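Here are a few friendly notes on charged side chains, for you to read alongside the model.

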Amino acid sequence: MTADLFAPLELRGIEIPNRVMVSPMCQYSCEGRDGLPTDWHHTHLVSRAVGGAGLVMTEATAVEARGRITPHDLGIWSDTHADALAEITASIRENGSVPGIQLAHAGRKASKTRPWEGSDPLTGDEGWETVAPSAVPWPYEDGETAVRELSIEDIDGVIQSFVAAAERAREAGFGVAEIHAAHGYLLHEFLSPVTNHREDDYGGDFEGRTRLLREIAREIRAVWPDENPLFVRISATDWLDDRESWTVEDSIRLADDLAPLGVDLIDVSAGGVHPDQHIPSTGPGYQERYARRIKQESSEDVAVGAVGGITTAEQADALIRNGRGDLAIVGREHLRDPYFALHAARELDRLDADGIEIPIQYDRAF
Ligand code: FNR
């Protein structure tokens with residue numbers, strides 16, 4: 001039988017009740033500079049579980065303090081963070097959804113002000129030194145962030161940070177972990193020849209540039225429970241046709257390499273590594289074709305999530321029915337409508353589906 005938007009998705013030992021995932025979205029809402037979740041994070045994430053999404057993914061959650069984009073990003077670099085996040089995972093589960101965490105390091109795109117403050121590099125005592133595969137700063141219009149090339153020893157430290165973060169995520173009760181290797185942040189900076197100019201084992205050819213991500217995936221898999229899925233978010237293309245860059249063909253090859261390491265789903269986004277990128281379209285489902293290509297052309301049986309411009313029930317349902325993706329990952333529409341999944345079920349006349357649960361308190365509204 002063809003799956004639809006409200007068919008549960010079984011991955012390893014867990015069942016995601018339906019195919020709607022809340023895309024990771026930074027809220028820049030930690031108070032102070034401690035990376036701890038606040039009432040805002042709790043309300044924001046749990047509302048989307050109440051709203052019916054099968055999988056609720058946290059925003060990019062920094063594995064190290066220097067890996068935050070802004071001082072107000074969420075972190076998981078200590079047990080105190082894990083304890084605080086455990087309250088959120090428990091509430092998400094109580095409301096019928098699977099809690100997921102995006103493990104992230106911002107690399108050379110760290111140490112900035114918040115978007116509503118201009119996303120400018122932080123100066124003076126406010127900022128911090130950023131790290132990257134090569135000491136090439138992001139080309140800001142005004143100013144620069146100091147960026148240091150990671151040594152081999154530093155790289156080992158980054159791997160350990162990701163692994164320790166995954167162990168804490170496990171203790172905090174997350175059901176899915178997603179490694180953030182997209183959007184020009186640290187792991188994408190290693191993948192792309194635009195930002196990786198290293199001549200050692202972690203640079204050069206495809207093998208070298210993908211080494212760090214493969215090592216992190218392998219080491220996380222060793223501590224992440226067997227029954228829990230592991231996702232990787234990638235930028236399928238750098239959208240830079242005018243220079244040597246990361247391409248969809250590279251992404252297909254990467255999916256082939258990641259699946260045998262125990263990666264269960266590739267979350268397919270695009271871009272973010274350089275401001276010269278040329279985005280062909282930002283219309284409905286604008287990145288879906290990359291997800292479809294990875295699903296069709298990977299020689300591995302790896303699940304795929306599509307993200308970007310999914311805003312309607314019909315569109316999300318068609319993605320699943322046509323087999324172009326296994327998860328419909330919805331970002332901004334979830335900011336507009338926390339009840340996206342419940343509204344979609346009503347619109348598609350699927351409120352009776354196994355994969356959808358109407359909170360009893362709201363029963364008469366749907
Ligand atoms: C994002 N996006 C994003 N992506 C990611 O991988 N980690 C993150 O923390 C964030 N943060 C973030 C914050 C905000 C406010 C927005 C709007 C976006 C990208 C997001 O997950 C998604 O990929 C894009 O928004 C495209 O999907 P939609 O919004 O068209 O459904």
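Is glutamate 64 buried or exposed? Glutamate 64 counts as buried, at 11% relative accessibility; buried means under 20% relative accessible area, exposed over 50%, and partly exposed in between (1.4 Å probe, protein chains only).

1. A word on the basis. This is a predicted model, where local features need pLDDT of at least 70, side-chain atom pairs count only at pLDDT 80 or more, and totals for chains, interfaces and linings use all residues. Residues are numbered from 1 along each chain as its sequence is written, and side-chain values use heavy atoms, with hydrogens and water left out.

2. The structure holds 24 salt bridges, each a side-chain nitrogen of Lys or Arg within 4 Å of a carboxyl oxygen of Asp or Glu. One of them joins glutamate 64 to arginine 66 at 2.6 Å, N to O. Arginine 66 is partly exposed, at 24%.

3. Aspartate 79 pairs with arginine 168 at 3.2 Å, N to O. Because aspartate 79 sits in helix α2 (residues 79-94) and arginine 168 in helix α3 (residues 152-171), the pair ties together parts 89 residues apart in sequence. Helices are DSSP runs (H or I, at least four residues), numbered from the N terminus. Aspartate 79 is exposed at 53%, while arginine 168 is buried at 18%.

4. Within helix α9 (residues 332-336), glutamate 333 and arginine 336 lie 3 residues apart, about one turn of the helix. Their side chains form a salt bridge at 2.7 Å, N to O. Glutamate 333 is buried at 16%; arginine 336 is exposed at 54%.

5. Finally, a network: salt bridges with shared partners link Asp4, Asp317, Arg321, Arg350 and Asp352.

Conventions. Helices (H or I, at least four residues) and strands (E, at least two) are DSSP runs, numbered from the N terminus.
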